[in-house]
Amino acid sequence: MRECLSNALAAWNQKDYATAIKEYLKNLIMASEQERMDRYQQEFCRLIVDASRNGIIFEDKNFKLQNDIFPKSPLVLWTFGNITMERDPHRSMHLYKQAATMSGGLDLVNTMGSIQSCRTTIVSTWHISMINDLTRNFLFNRALAMIVSQDSRVIDIGSGTGLLSMYAARYTRQPIVAIEGEKPMAQLGAQCVIANGLQDRVLIYPVMSSQFLPTVKPDVIVSETMDAGGLGEKIMQWRQLAVQWLRVLS
């Protein structure tokens with residue numbers, strides 16, 4: 001056990017963080033579960049936070065190791081939630097919720113606050129207000145009803161929750177192509193589409209519009225990507241793409 005700790009410390013001093021964590025985990029595996037909780041739990045949390053700050057990305061195998069070594073530690077779950085929030089907020093929220101179901105060693109209020117932060121990371125609070133703007137929604141729906149025919153091919157750029165795509169699906173028999181570059185938002189949009197029974201009518205592509213090439217010319221391109229300043233969310237770039245799709249594709 002001491003040899004593993006010595007190897008871990010030597011690797012850490014050489015900034016070889018991957019090896020340091022590997023050697024440290026060897027040490028933890030040899031300790032009893034009670035000893036891990038009493039002696040190593042907080043130290044392990046500090047280690048993975050420092051490793052994350054130095055560029056180490058924790059993947060599925062790390063979460064499995066965490067479950068094997070600290071199966072009853074809400075603190076470890078909460079720490080892993082913190083270091084994965086920016087890269088994978090859905091994974092982070094899952095870890096926070098696991099931590100919240102356990103007792104001991106963790107402030108439940110902090111955990112619930114972390115869950116709320118995670119939700120805000122996935123969907124900004126301004127987006128929720130926008131989606132609940134009934135006047136805005138009514139006018140978008142009316143506009144789509146006026147321009148989308150039964151055979152229109154529609155592309156929705158920056159589809160978000162899929163609301164405009166689902167509106168468009170009311171008026172055409174063609175599948176709607178919904179493009180959303182933010183992976184968490186694309187996942188949320190897919191859930192909304194499924195909840196409304198339109199998964200066969202609205203096709204969500206989790207890519208940036210600059211990475212997407214339509215196979216056929218669209219008849220209608222819809223987007224709601226203007227921020228408060230009017231020119232945010234790369235509106236000029238996707239507009240150029242939209243013009244190109246409408247002119248060049250046949």
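How many aromatic pairs does the structure hold? This predicted model holds two aromatic pairs, and one of the stops below is a pair of Phe rings.

**Stop 1: the sheet.** Select strands S3, S2, S1 and S4, in that order. They form an open sheet of four strands with parallel pairing. At the edges are strand S3, residues 202-205, and strand S4, residues 220-223. Each of these edge strands pairs on one side only. From one strand to the next, the twist averages 20 degrees.

**Stop 2: inside the sheet.** Now select residues 154-157, which are strand S1, and residues 176-179, which are strand S2. The two strands pair in the parallel sense over three bridges. Which residue of S2 is the bridge partner of Ile 155? Select Val 177 to see that partner.

Stop 3: Show helix H3, residues 33-53, which contains Phe 44, and helix H5, residues 74-84, which contains Phe 80.

Stop 4: Are Phe 44 and Phe 80 buried or exposed? Phe 44 has 3% relative accessibility and so counts as buried. Phe 80, at 1% relative accessibility, also counts as buried. The cut-off for buried is under 20%.

Methods. Residues numbered from 1 in each chain as written. Predicted model: local features only at pLDDT ≥ 70, side-chain atom pairs only at ≥ 80, totals over all residues. Heavy atoms only, no water. Pairing = 2+ DSSP bridges. Axes fitted to C-alpha atoms, helices over the stretch in contact; angles between N-to-C directions. Phe/Tyr/Trp six-rings, centres within 6.5 Å; stacked < 30°, edge-to-face > 60°. Buried < 20%, exposed > 50% of the residue type's maximum accessible area, 1.4 Å probe, protein only.
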